Amino acid sequence: MAKKKDKKSLGIEKKSGWLLMKKRERKRALRFADEYRAFLEKCKTERETVEFIVSEAEKNGFKPLDEVKSLSAGDRIYMVERNKAVVLAVIGRRPVSEGMRFVVSHIDTPRLDLKLNPLTEDPDASLALLKTHYYGGIKKYQWASTPLALHGVVYTRDGRRVDVRIGERSDDPVFMVPDLLPHLARKAQGDRKIFEGIKGEELQLVVGNIPVEDEDVKAKVKEQVLRYLNEKYGITEEDFHSADLEAVPAYPPRDVGLDRSMIGAYGHDDRVCAYTSLRSLMDVEVPEYTAVAVFFDREEIGSDGNTGAKGSLLEYAVLNLLEKTGEDGTYANVLRALRRSRALSADVSAAVNPLFKGVHDLQNAPVLGYGISILKYTGAGGKYSSNEAHAEFLSEIRRLFSERGIAYQMAMLGKVDEGGGGTIAKFLAEYGMDVVDAGVPVLSMHSPFEVVSKADVWYAYRAFREFFVS
Ligand code: MN
Ligand code: MN
């Protein structure tokens, strides 16, 4: 007969990641979270995130791939794609053709992009407005009556680049989408479904109210805004044609909760996996297999475009790694290297929302603070449009994380037939590599103020680090 203390339940014992940490580790986790919060404050667009990643990488001995002739074990390189995506690699002891360890995240975030001819005036309201087209899956009503900042670049007719970042300093002006007062909203909005509370064409930013004193000018408020833009930035209305301008929430990230256990911010999806994978790659010295962190753009709109996961960026990076480490850079060898690789599709998951528990299968839903979530598959209704990690690969991931004391939770996206969504896992899987979704659970995902648990941020960082050297 077994002694009483040996009688352990055969069931799954779930435990908060907070309770798995010793005092010293908890201190480190909280410090790490502060650094993550500072990163979020700086990086609200894919361009800004690429700049941050490159500057961190350079500080840690990474060199631009183009400037390196040959590579050997322990060498560190980075490769930027159109200022919006980036690949970082630490060369391993084994040849690249034996496969790599990828952690792949995305650095684009839902937001409001300016239209090509955005500036307009409403004479009845005496307001100048900027028209937008939203990017990614948003609940449009969440973007009204909240301070927004404008980030991006504009190129003038003669090709001069103008960087724009208005609304982040406390003395900067901000912009907003005007919502309707409840007193008059009974019919105009009350009869709409919530997703239509604010409609796409209604996502217009208020940008000015002072008219010019010029009888010949028709749109006087708009003219005033144009004069301001020309004085301050040297741009004209036509220059909006060659611009990437994004309206994003203007406020900084904040600690959430009396215990300061969480961070509320714009853009955890998926900058939380970008930051944790970046930091973990910085720690990698000479890995067995070449360790690669990829930061894609365009995930939120389906990964289309040359900076997205459906583009050829990954193949091109691997081709270069092969050639510069003295291997054959033919496409056959690129395929061989990719096929023998393993990847974590590092993306966020939907944490149990206490107010809408009905959408989750609570037995299979990720919980804030319980560690990195691992999703065997995503997709929708009958597992459509999703990669599914094989039991063999999951078995290795499970063993890796549990041996290293990393809090992790097996998770799913909502109840069966409740809805669904996808990640870049399926595009990585097309190369034949083993891949599984793993990332940080998020509350209020895709809203202007998403929430993560600092414990999960810490465990994601640790998990990615172990994976890179596995
Ligand atoms: Mn995501
Ligand atoms: Mn997303």
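Predicted model: local features only at pLDDT ≥ 70, side-chain atom pairs only at ≥ 80, totals over all residues.

Colleague: What coordinates the manganese ion (ligand 2), and at what distances?

Modeller: The donor residues of the manganese ion (ligand 2) are spaced D-x30-E-x145-H in sequence. D269 lies in helix α6 (residues 268-283) and E300 in the loop between β13 (290-296) and α7 (313-324), so this pair ties together parts that are 31 residues apart in sequence. The coordinating atoms are D269 (OD), E300 (OE), E300 (OE) and H446 (NE2), at 2.0 to 2.5 Å.

Colleague: Are D269 and E300 buried or exposed?

Modeller: The cut-off for buried is under 20% relative accessible area. D269 has 3% relative accessibility, and E300 has 13%. D269 therefore counts as buried, and E300 likewise counts as buried.

Colleague: Which residue coordinates both the manganese ion (ligand 1) and the manganese ion (ligand 2)?

Modeller: The two ions are 3.3 Å apart.

Colleague: Which residues does S280 contact, leaving aside its neighbours within four places in sequence?

Modeller: S280 is found in helix α6. At 0% relative accessibility, S280 counts as buried. Its contacts beyond those neighbours are Y461, F464, R465 and F468.

Colleague: Where around helix α8 do its buried residues lie, and what covers them?

Modeller: In helix α8 (residues 331-339), the buried residues are N333, V334, A337 and L338. They span an arc of only 135° around the axis, which means that they are on the same side of α8. What covers them includes β4 (100-106) and α7.

Colleague: How is the protein chain divided, and what area is buried between domain 1 and domain 2?

Modeller: The chain is divided into domain 1 (17-109 + 266-469) and domain 2 (111-249). Their centres, taken over C-alpha atoms, are separated by 34 Å. The contact takes 21 residues from domain 1 and 16 residues from domain 2. Carbon and sulfur atoms give 44% of the buried area, which is about 1,500 Å².

Colleague: Which three residues supply more of the area that domain 1 buries against domain 2 than any other three?

Modeller: The area buried between domain 1 and domain 2 is about 1,500 Å². Of the area that domain 1 buries against domain 2, 33% is supplied by K44, R47 and P448.

Colleague: How many salt bridges are there between domain 1 and domain 2?

Modeller: E51 forms a salt bridge with R161, and their closest N and O atoms are 4.0 Å apart. The count between domain 1 and domain 2 is six salt bridges.

Key: Residues numbered from 1 in each chain as written. Chains lettered and ligands numbered in written order. Heavy atoms only, no water. Donors = N, O, S within 2.8 Å, 3.2 Å for Na, K, Ca; no water. Helix = DSSP H or I, 4+ residues; strand = E, 2+ residues; numbered from the N terminus. Buried < 20%, exposed > 50% of the residue type's maximum accessible area, 1.4 Å probe, protein only. Arc of directions from axis to C-beta. Contact = heavy atoms within 4.5 Å. Domains from an automatic or database assignment. Buried area = accessible area lost by both parts, 1.4 Å probe. Salt bridge = Lys/Arg side-chain N within 4 Å of Asp/Glu carboxyl O.
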